[in-house]
Every structure is written in C-alpha cells, then in structure tokens.
Amino acid sequence: MPWIPNEEHERVPVVKNLVWAARLLFKADKWFLISGIISEIATDVFRDFIQSVLFLKVLLSVITGSGSFSYYVKCLLLFLLIGVVTEAVSVWGDYKTNVGQKNVFKALNNMIFEKASSVDVSCYEDPAFYDKYQRATDILIRGYFVMFSWNLSIVLGSLMSFITVISIIAAIDPAYFIFLAPVMLVFVVEIFKSKVVFRRDVKMTNNNRVKSYIQRTVFLKDFSKDMRTSNIFSVIMEKFDKAINGNVKILKEYGFKLFLFTMLSSLLGEIFPMVGTYAYAGYQFVATNELDVSGFSVVLSSIRSVSTATQGIARSFADLTQVAFYFQNLRDFFEYESQVKDGNLEAGELESLELVNVSFRYPSAKAYSLKNVNLKINKGQTVAIVGINGAGKSTLVKLLLRFYDVTEGEILYNGINIKEYTQDSLRKRFATVFQDYKTFAISVNENVLCRECNEQDEKTAQYALEQSGVWDKISTLEDKGNTLLTREFDDNGVGLSGGEAQKTAVARIFAREFDIAILDEPSSALDPIAEYRMYENLISATKNKTVIYISHRLSSAVLSQNIFVLENGTVVESGSHAQLMAAGGKYSEMFTLQASAYKDEGGDSLEA
C-alpha cells in the first residue's frame, strides 16, 4: 500500500527541517540562498518602503507646500540612485541564483543517486520504498528546493519591509494595528492549508509513480516490439487512465477544503484589513481632521505595504511549512539505515564457502524460498546448482552476495559467517553474471570493464570479448570496442541481439580478477553450440578458480565436479554428473529430457 501520512508524520519538526534544508542547500552552493535573500530584501524594502511610502511622503510635502522643489529634486536623485543600486543587486541575485540552482540540482541528484545505489536490494522489491524514493526526488522534479529558497527570501525580505513601514504607521497612529490583526491569522490558515496540500500530494504519489513508469516505458526500445505486436499497449493505457482519474478524484476530494482555506486567507489578509483601515483613515480625515491629505495618503499607502508584506510573510511561511513536509521525505530517505549491516572483517582469499541449514523467506512472502539448504564448496571446485524455474537458485545467489540476509541458518566464508565481513570486501571476491543481466548506454569496453578505459584497458576488454564469443561481432563495428551501445545518444551506436548482449555481460567475468565466479543462467539467450563453447572458454579461463553455475539448462552441469539439485527450495540430490545419472532421480530425468531436445534441434549432445 502507498504510504499515507498519519498524525506522527503531520507533526514533523518544521523549524528543524527548514534549518536542515538550509544547511543542505548552503553546502551544495552557498550563493544560492544568500544571493536570493539579499536580492529580495533590497527589492522589497525599495518597493514597499522607499517607493510606496517615503517617495510618496516627499511628493506630497511638495504638493501641500511643506517642502521645497529643490528638496524634492535632491530626494528624487537619491531615490534614483537607490533604485539603480537595487536593480543591480536584483540582476546580480538572479544570476547567482540561476547558477546556484543548477549546482544545487546536480549536488542533490548525486546525493539521491548515491543513496539509492547503496540501499538494500530488498528496497527495490518494496512499493513503499519506491513511494519514498518518488517523494524524495519530488524535491528536484517539482522544484521544492527552489520553492524553499524563494519563500525563505520572501519571508526575510517582507520582514525587513514590514519593520521599516510599521515604524511609519506607529508614528502616525498605533490604532491602525487593530485592523492588521486579522492578517496574523493568515499564518494559521496557510499552515493548515499546507497540511491539506501535503496530504493530497502524498495520496497522489502512487498514481504519479504509475504515470511515470508508463511514460518511461512507452519510449523505451525494450518494450517497443511487444507494444506493436500485442494488445499490451491498451492495457498499460488503461492503467495510465486509471492513474489520471485517480488523481482527478483526489483533487476533487481536497478541492473544496482548499477553496475554503484560500477564501478565508484572502478575507483575513486583504479584504478585512483594507476595509478597516480605509474606513478609519477616512473617519480621521473627514470627521476629526486628525489627518491631512499627506498623512491620509501615506497611511493608506503604508497600510497597503504592511498588508502586502504581512501576507508575503504569512503565505511564504505557510509554503515553507509545506516544503518542510517534503524535506522530511528527503531526510527519511537519506536517513534510511540498511537492514543488511556491515561487518568489521576484510574477506581474504577464498578457501571454502558453506551453507549450514539455510532457510530464507522474502519479507512480504508467506512461504520459504529456501528451506534447510546445506552445501559446501571448496576452493578450485566447479559446481552446478540446477533446478527448474522457481526452485530457489537465484535467491541463493542473492544470499551469497548479501543482497539479503538468511532468515535461518548461516553462510560461512572460510568458516566465518559472512555477516562478519564488510560487504564491499566480500563482494569483491565474487565475479557475477546475473540472470537479468544488463548492458548500459555506454561503450562496449566500458560495459565490460565497468569503468572508463585507456589504451591498455581496451586490450583487456578485447580479450574478454574474445573469450565470451562476441568479439567477431564487435570487431566489425566502426569503432569496435569504443562503440556506444544503443542509438539513444549516438547515431553511430549499435543495438546488440539478445545473445550478443548476454555474451557482452559474460565478458565481465574474463576481464577481472576474482576468487569465485557465479554465473546465474549465463547462457539463456544462447543457442546450444554457442553455450557449450562459452562454457569451454570459461573452464579454461577459470582454471584453479572456484565457479558456481546456476542454471535450469544442464550443459554446465556436465562440466562441473559437483552438482546440487534444488527443488522447492531444498537440495534433493547432489553428486557428480555420472553419479546422479546412475541414481536415476530428478537430475537424470531433467538431463534426459533436455538432451533429447538438443539432439532434435541438431545441436551437440550434452554429453559431448
């Protein structure tokens, strides 16, 4: 279920979050906040105090005869100079803010991406995590960090304007403060309104994530063929329409409340203060003669400036309160602590790998994916873990690499529980090709070496591609290993077939040093002959290395010293190929069926 705010989430520490946000943005670019604040203070004080009050007061003094024309000219020139300086500060502030905005966007993006790449793999199978991730990225996508800077600048600028103008009103008649009292209630109204907006936006998170997924999917090459040869496009469009309609329903649900809050805010912040001050000033001017024309005009102008400044403070503070909720999402995301904890030991060279009574159940699952698994792999052994789809083979890989921790039992690396090792040092001992392998929109060589390449690296990558069996294809490309995969960013890029892409992923094994290689369905996109040849190269390249083949296709099993057969998450058989064939059990049945299918295709026999 999507995460919905409760009372605890509504009691977020607003001031603490705003201070945290200010520090975060200042760290990303110190001028982003400072320039905006300086520019806004200069603009607001000039507009609301110097221009609307002081200049008017000077002008009226000339009109009423209490001031000379030369005095007026001097003041005019001074106002002109201040105006030019204010405009220069404003232009400078806009420039620094625009540059800072890009720096902040880059810095926050990097922080979010780094955090997303370091959280537990289990998070990517948790809808609640994706909702949090979506709301964290909203800080960038929906510009909440810009909103924060802008509203903080308005609050401080309006506050300075308020202080300067209020001094004029206080000198004329403190009674006018009575008519400004309703404006203070705008703070309360806008804060309640911001909470309603936040609840509305949170309820829309899941629908927005569905929309984002569909918008992304429609443009991806990986899905284009299926969309054009099946009815799947209409299915996802129904999901898209459902998400849109869901958001419309949510908007209607909160629309009337927001309308009432907006109307109340306008009444308290504009209509009541204006009507009250105009009435009282008119009474003083007409009935009591306590105000002359100059005083009457200055009062009305000052009240308008104070009202504008107070509304600016109230509404911007309310917006800051709303932004504080969204920054809470970002804080929650950054403060997420992995459930898979690091140990203190550095993993050394592999001697043995052992599973002792290992059972595992995914967090949201009722049934165990693995149950009481016991197996041991010694240094230099070639092992196959086989079974039909869903037997638990890929889950085993996730446990070995500590993407998850076992539910029961323990996994021992050199006789020590793998939880005692740092994750980085443990994973560096493994070279892994995953079942759902990926190639990226970077060069072939970078895909193989997983880093930027120099001239020597290109030779290493070529060797790896030769061993995986795809260099014959890569060598025909104009830029060979420097060719970009996919044409998304380069017209000279190339798209590989499924088998070629898988061979490119497998080449990563041949390009690095490792103690133990795990190949999870490494040949699913290959034909039987290409599969067998790749395995021969693997055996040659991994001599004296430990290799684990994970597969439901058994060509790798023939080449392995020991075979473990998984069924329903449990090891039901183990032994060499000859031993298991002689036993006539599950493995023998699977092998016989696959061997006959390969022979029917005209491929090499599995027993070749």
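Reader: What is the strand order of the open sheet of 6 strands, and what pairing does it have?

Author: The order is β6-β7-β8-β3-β9-β10, with mixed pairing. Strands here are DSSP runs of E of at least two residues, and helices are runs of H or I of at least four, numbered from the N terminus. The model is predicted, so local features need pLDDT of at least 70, side-chain atom pairs count only at pLDDT 80 or more, and totals for chains, interfaces and linings use all residues. Residues are numbered from 1 along each chain as its sequence is written, and side-chain values use heavy atoms, without hydrogens and water.

Reader: Why do β6 and β10 stand at the edges?

Author: Each has a single partner strand, so one side of β6 (430-433) and of β10 (570-575) is left without a neighbour in the sheet.

Reader: What makes β9 and β10 a pair?

Author: Pairing requires at least two bridges found by DSSP between two strands. Strand β9 (residues 562-567) and β10 have 5 bridges, in the antiparallel sense, and V565 stands opposite E573 in β10.

Reader: How do you know that α17 lies across β6 and β7?

Author: Contact means heavy atoms within 4.5 Å. Helix α17 (residues 498-510) lies across both strands, running at about 170° to β6. Axes are lines fitted to C-alpha atoms, for helices over the stretch in contact, and angles run from 0 to 180 degrees between N-to-C directions.

Reader: Which residues of the lining of the second largest pocket count as nonpolar, polar or charged, and how many are there of each?

Author: There are 6 nonpolar, 6 polar and 5 charged. Ala, Val, Leu, Ile, Met, Phe, Trp, Tyr, Cys and Pro count as nonpolar, Asp, Glu, Lys and Arg as charged, and the others, Gly among them, as polar.
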